[in-house]
Amino acid sequence: MDPQRPDSYQGGAGPDFNDHVLHKTILVGDSGVGKTSLLVQFDQGKFIPGSFSATVGIGFTNKVVIVDGVRVKLQIWDTAGQERFRSVTHAYYRDAQALLLLYDITNKSSFDNIRAWLTEIHEYAQRDVVIMLLGNKADMSSERVIRSEDGETLAREYGVPFLETSAKTGMNVELAFLAIAKELKYRAGHQADEPSFQIRDYVESQKKRSSCCSFM
Ligand SMILES: Nc1nc2c(ncn2[C@@H]2O[C@H](COP(=O)(O)OP(=O)(O)OP(=O)(O)O)[C@@H](O)[C@H]2O)c(=O)[nH]1
């Protein structure tokens, strides 16, 4: 854990890994937006460039995130974005506690499809599922077609937090998962005197921090 940071995460199975409640989190979005890459960056801290190999079906990775000194276990499911796998992935929405919904800032149709993804999520997922919108590939500034403000506006319309991320550089990747883990920990139980936690406020405050003090 980095002492400079308010929270941190650690991967792999620690000694009391199984003692904690499992929080199911799912990555969704069009094929090619970077779901697998985002998870690999979060899990292993690396980006594997090169040819794109689409996910077939679904798979998961376990990660322990440390929130205020408490271990929060995330089971992160990486789904296939391709239409032909959609009926398979719908079945997994039902017991998801959090969904990270990605589009690619260089791909307009992936952004336009976000509304359809949200309709699907509302149809198949639990009503109180935590949703976060991520505009990925933020490192590809010369090929950007979706402005950051457009992502912000869409997220505000649906009342969900928003971040631009880069699975390549790691920008905001850890923050996205930490925010989800904080929200899930708060929902799982909190002290009566604990200040209320709002994921959107947290993400906004961390974004300001990072732009002011090179936090990320
Ligand atoms: N420059 C850049 N490239 C990225 C980023 N994220 C993903 N890519 C590239 O985009 C392509 C698709 O990434 P994937 O992670 O396989 O996409 P996916 O959403 O998992 O795709 P499906 O498995 O088909 O749903 C790959 O060539 C990645 O290297 C990013 O943040 N920046």
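Two residues are in contact if their C-beta atoms, placed from the backbone, lie within 7 Å. The legends below use this term. This is a predicted model: local features need pLDDT of at least 70, side-chain atom pairs count only at pLDDT 80 or more, and totals for chains, interfaces and linings use all residues. Residues are numbered from 1 along each chain as its sequence is written.

View 1. Helices (H or I, at least four residues) and strands (E, at least two) are DSSP runs, numbered from the N terminus. From that end, the elements run β-β-α-β-β-α-β-α-α-β-α-β-α-α. A residue is buried if 20 or more other C-beta atoms lie within 10 Å of its own, exposed if 12 or fewer, and partly exposed in between; these C-beta atoms are placed from the backbone. Buried residues make up 40% of the 216 residues in the chain. Take the contacts with a separation of 6 or more: residues 24 or more positions apart account for 73% of them.

**View 2. Strand S2 pairs with strands S4 and S5.** Two strands pair if DSSP finds at least two bridges between them. S2 covers residues 22–29, and six of its eight residues are buried. S2 and S4 (residues 70–79) run parallel, joined by six bridges. Here His 23 stands opposite Leu 74, and Ile 26 has Trp 77 as its bridge partner. S2 also pairs with S5 (residues 98–104), again in the parallel sense, over five bridges. Val 28 is bridged to Leu 101 of S5.

**View 3. Strands S3 and S4 form a hairpin.** S3 spans residues 58–67 and runs antiparallel to S4, with ten bridges between them. Phe 60 has Trp 77 in S4 as its bridge partner. Two residues lie between the strands of the hairpin, and Asp 68 takes a positive phi near 50 degrees. S4 is mostly covered, with seven of its ten residues buried.

**View 4. The largest nonpolar core has 50 residues.** Such a core is a set of buried Ala, Val, Leu, Ile, Met, Phe, Trp, Tyr and Cys residues joined through C-beta atoms within 7 Å. Leu 27, Leu 99 and Met 132 are among the residues with the most contacts inside it. Helix H6 (residues 173–188) gives the most to this core, with nine residues. Leaving out residues up to four places away in sequence, Leu 99 touches Ile 26, Val 28, Ile 121, Ala 125, Val 129 and Ile 131.

**View 5. Val 129 sits in a loop.** The loop runs between helix H4 (114–124) and strand S6 (130–136). Val 129 is partly exposed, because 19 other C-beta atoms lie within 10 Å. Beyond its neighbours within four places in sequence, Val 129 is in contact with Ala 96, Gln 97, Ala 98, Leu 99 and Ile 121.
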